[in-house]
Amino acid sequence: LKNVLLGGILSFEEDRCFTVHEADNEMLKRSNPEEALTSIIQRYFEPIGLPEDDQLVKHAGKHRNFEFQDHKKVWASTAFNYRKRRPMEHETSIPSLGYDHMKGHDLKREMLRRMWRPLPLVRNATCNSLSEFGLRDDFIAISVRRGDKSTENFVFAKMNQYIEAIHTAAQKHFGGTVPKIFVATDDCTVMQELRTLRPHWEFMSECDNLDTHEGHAGFALTAMADWSIEETDAHFRKFFVELYAMAIAKYFIGVTYTNVSWWVYFMRSQDKDTFEILKTPGTEKRESIEW
């Protein structure tokens, strides 16, 4: 997600064409070829950049006149790549877009709105699902990520950390009353944990709409190889509902070991006081909100 956004910004800055190469996307690979998608973008989003079969893209490929943005290189600590990352206080000017000395986070937030638009069918389904939760008043959204993140030597945030953060947020931003809490998670087993810890609080989640929690006890990228198209669509339907719930919530609580937190940050307003990242062992050297 980050690299697509950063690549789009760079293409405008350098006045070059932009395309998203998905052939090596692990999320597309399936054991049964009949259940495979050819593109995540084309299935769920309005066009981002030029399609790979565009004549300009083909011409650039034929003459090797292109630059592939490898995410590992972009995040390497060099002065040039520091510019590519567009940290909070870094300024960028893009005359073709009317941007003059725009700070990094403002630029990312603005470009996200330009580039990243789910298809109308996806947007409508997402809005309909959100309306069924009755989130008409201000609420808190929390993001709980587990699954294959355990392979990256992170210690998952404890449910008590979320409880304490919710309580503090309620005192500061909700007049001391705990509002509805939307839980976005890849591990639906946390719902029972949260409800046991605070049975009088109102937790809600897409997990409650699933027929079974089997296969929803932590996302693992490798497991997608065995998914059907129907299961893939269901995964992304749940993901979009969660993403937009986190974006519109008055207060957000998340963790730094998932890119979803940063994507939500740029979808939200610029008020950092309503965006909280929990501290967890193993993430001390990861990028902070300033990045």
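## Exercises on a predicted model

At 29% relative accessibility, Arg 195 is classed as partly exposed. The structure is a predicted model.

**Exercise 1.** Find which part of the chain holds each partner of the salt bridge between Asp 208 and Arg 195, and state what the pair ties together.

*Solution.* Step 1: the two side chains meet at 2.7 Å, N to O. Step 2: Arg 195 belongs to helix 9 (residues 190-197), while Asp 208 sits in the loop between strand 5 (203-205) and helix 10 (229-248), so the pair ties together parts 13 residues apart in sequence. Step 3: Asp 208 has a relative accessible area of 39% and is partly exposed.

**Exercise 2.** Is Glu 46 buried or partly exposed?

*Solution.* Step 1: buried requires a relative accessible area under 20%. Step 2: Glu 46 has 23%, so Glu 46 counts as partly exposed. Step 3: the side chain of Glu 46 forms a salt bridge with Arg 117 (3.4 Å, N to O). Step 4: Arg 117 lies in the loop between helix 6 and helix 7 (120-132), and Glu 46 in the loop between helix 2 (40-44) and helix 3 (55-62), so the pair ties together parts 71 residues apart in sequence.

**Exercise 3.** Compare the reach of helix 6 (residues 104-115) with its expected span.

*Solution.* Step 1: helix 6 has twelve residues. Step 2: the span expected at 1.5 Å a residue is 16 Å. Step 3: from first C-alpha to last, helix 6 reaches 16 Å, close to that expected value. Step 4: buried residues in helix 6 include Leu 107, Met 111 and Met 115.

Terms used:
Residues are numbered from 1 along each chain as its sequence is written. This is a predicted model: local features need pLDDT of at least 70, side-chain atom pairs count only at pLDDT 80 or more; totals for chains, interfaces and linings use all residues. Side-chain values use heavy atoms; hydrogens and water are left out. Helices (H or I, at least four residues) and strands (E, at least two) are DSSP runs, numbered from the N terminus. The expected span of a helix is 1.5 Å times one less than its number of residues. Buried means under 20% relative accessible area, exposed over 50%, partly exposed in between (1.4 Å probe, protein chains only). A salt bridge is a side-chain nitrogen of Lys or Arg within 4 Å of a carboxyl oxygen of Asp or Glu.
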